[in-house]
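User: I'm new to reading protein models. Please walk me through this one, a feature at a time.

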Amino acid sequence: MDPKIIGESYDQLAAQWRDQPIQSYGIAQLERAIGFVRNRGKALDIGCGSQGRMIELLRKQGFAAEGLDISPKMIALARDQHPDVTFYLSEISQWEFPHGYDLIVAWDSTWHLPLSRQEPVLEKICAGLTPGGVHLFTTVGFDEPGDHGDSGRMGVPLAYGTLGIPRLLELVTKFNCVCRHLEFDQFPEKHLCLIVQKL
C-alpha cells in the first residue's frame, strides 16, 4: 500500500482512535520487551497513533519516549495529549534517526509498508538500536512473503504485508540481532509479535 494512502486512512481514524477507552492491547508484549532492555534511555514508538498507550507505559518505565507517525491528524492529537513528548511526522522509510534508541516499538505499523520497503526498514530499525537495544514489532504470521489487504476494522482501506517468518528470522540475524521472543499473541489469528535484541 502506498504510504500516502496509509496516512490518509489513519487521518480518518485519528479521533475515533483517541476517543476509545485506553486498551491493554500490546501492553503485555511491551512489558515483556522492556524486560530485555539493558538501559532505559530513549525509546521510539513507530506508528504511535493518537492515543499514546505505549508512550504512557514507556514513560512510566523510565524511558524518554518519542513518537513517529505518518498521519498528521494522529500526530496533532498525540501532541495535544503529550505536549512534553517529541513527536515526528514522517514515513519510517524516509525518516532519518536523530540518535540511537534503547527500545523501538512498531506495533501494527511497519507491516503496512509495501513489501519492497519492509526489509530496508527492518535493517534501518536494527541499525538504530543501541548495543543491547530491543525492537518489538508485529507482522502477519505467514511462512511465505506476501501482501494482504482488507477494508480495515473501522471501514477505511488498509493493507498488510509480511516477509514471512523464515525470512524475518534470517534478516534479524543478518542485521546483528537475535530473536528473544516470537508469539502468535491472538491465536488462531495470524497476528505475530516479535521481540529482537541487538547484539
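User: Which residues are linked in a network of salt bridges here?

Analyst: The general idea comes first: side chains of opposite charge can pair when their charged atoms come close. To count as a salt bridge, a side-chain nitrogen of Lys or Arg has to be within 4 Å of a carboxyl oxygen of Asp or Glu. In this structure, Glu119, Arg167 and Glu170 are joined in such a network. Keep in mind that this is a predicted model, where local features need pLDDT of at least 70 and side-chain atom pairs count only at pLDDT 80 or more, while totals for chains, interfaces and linings use all residues. Residues are numbered from 1 along each chain as its sequence is written, and side-chain values use heavy atoms, leaving out hydrogens and water.

User: How far apart are the closest N and O atoms of Arg167 and Glu119?

Analyst: For Arg167 and Glu119, that distance is 3.1 Å. The pair links distant parts of the chain, since Arg167 sits in helix α6 and Glu119 in helix α5, 48 residues apart. Those labels come from DSSP runs numbered from the N terminus: helices are H or I with at least four residues, strands are E with at least two.

User: Are Arg167 and Glu119 buried, partly exposed or exposed?

Analyst: Here you look at relative accessible area: under 20% is buried, over 50% is exposed, and in between is partly exposed, using a 1.4 Å probe and protein chains only. Arg167 comes out partly exposed because its relative accessibility is 27%. Glu119 is partly exposed as well, with 25%.

User: How many salt bridges does a search of the whole structure find?

Analyst: The search turns up five. One of them joins Glu183 and Arg32, with 3.3 Å from N to O. Glu183 is in strand β8 and Arg32 in helix α2 (residues 27–36), so this pair ties together parts 151 residues apart in sequence. Glu183 is partly exposed at 21% relative accessible area, and Arg32 is partly exposed at 35%.

User: What about Arg117, which residue does it form a salt bridge with?

Analyst: Its partner is Glu91, and their closest N and O atoms are 2.8 Å apart. Arg117 belongs to helix α5, whereas Glu91 is in the loop between β3 (86–89) and β4, 26 residues apart, which links distant parts of the chain. Arg117 is partly exposed at 28% relative accessibility, but Glu91 counts as buried because its value is 10%.

User: Next, cavities. How many of 30 Å³ or more does the structure hold?

Analyst: Rolling a probe the size of a water molecule over the atoms shows where empty space is left. A cavity is a set of points, on a 1 Å grid over the protein atoms alone, where a 1.4 Å probe fits but cannot get out; lining residues have an atom within 4 Å of a point. Points are joined across faces, edges and corners, and the volume is the space filled by probe spheres set on them. This structure holds one cavity of 30 Å³ or more, and about 120 Å³ of space lies in the largest cavity.

User: Which residues lie nearest the centre of the largest cavity?

Analyst: Those are Thr110, Gln118, Leu122, Phe137 and Leu168, out of 13 lining residues. Both α5 (115–127) and β5 (129–140) supply at least two residues each to the lining. Sorted by class, the lining has eight nonpolar, five polar and no charged residues. In that sorting, Ala, Val, Leu, Ile, Met, Phe, Trp, Tyr, Cys and Pro are nonpolar, Asp, Glu, Lys and Arg are charged, and the others, Gly among them, are polar.

User: Now the backbone. Where is Asp108, and what is its phi?

Analyst: Asp108 has a positive phi of about 55° although it is not a glycine. You'll find Asp108 in the loop between β4 (101–106) and α5, and it is buried, with 17% relative accessible area. Asn176 is another non-glycine with a positive phi, about 65°, placed in the loop between α6 and β8. Asn176 is partly exposed, at 38%.

User: Is the peptide bond from Phe187 to Pro188 cis or trans?

Analyst: That bond is cis, with omega near 15°. Pro188 is in the loop between β8 (177–184) and β9 (191–198).

Methods:
1 Å grid on protein atoms, 1.4 Å probe; cavity = no way out; pocket = protein on both sides within 12 Å on 5 of 7 lines; lining within 4 Å.
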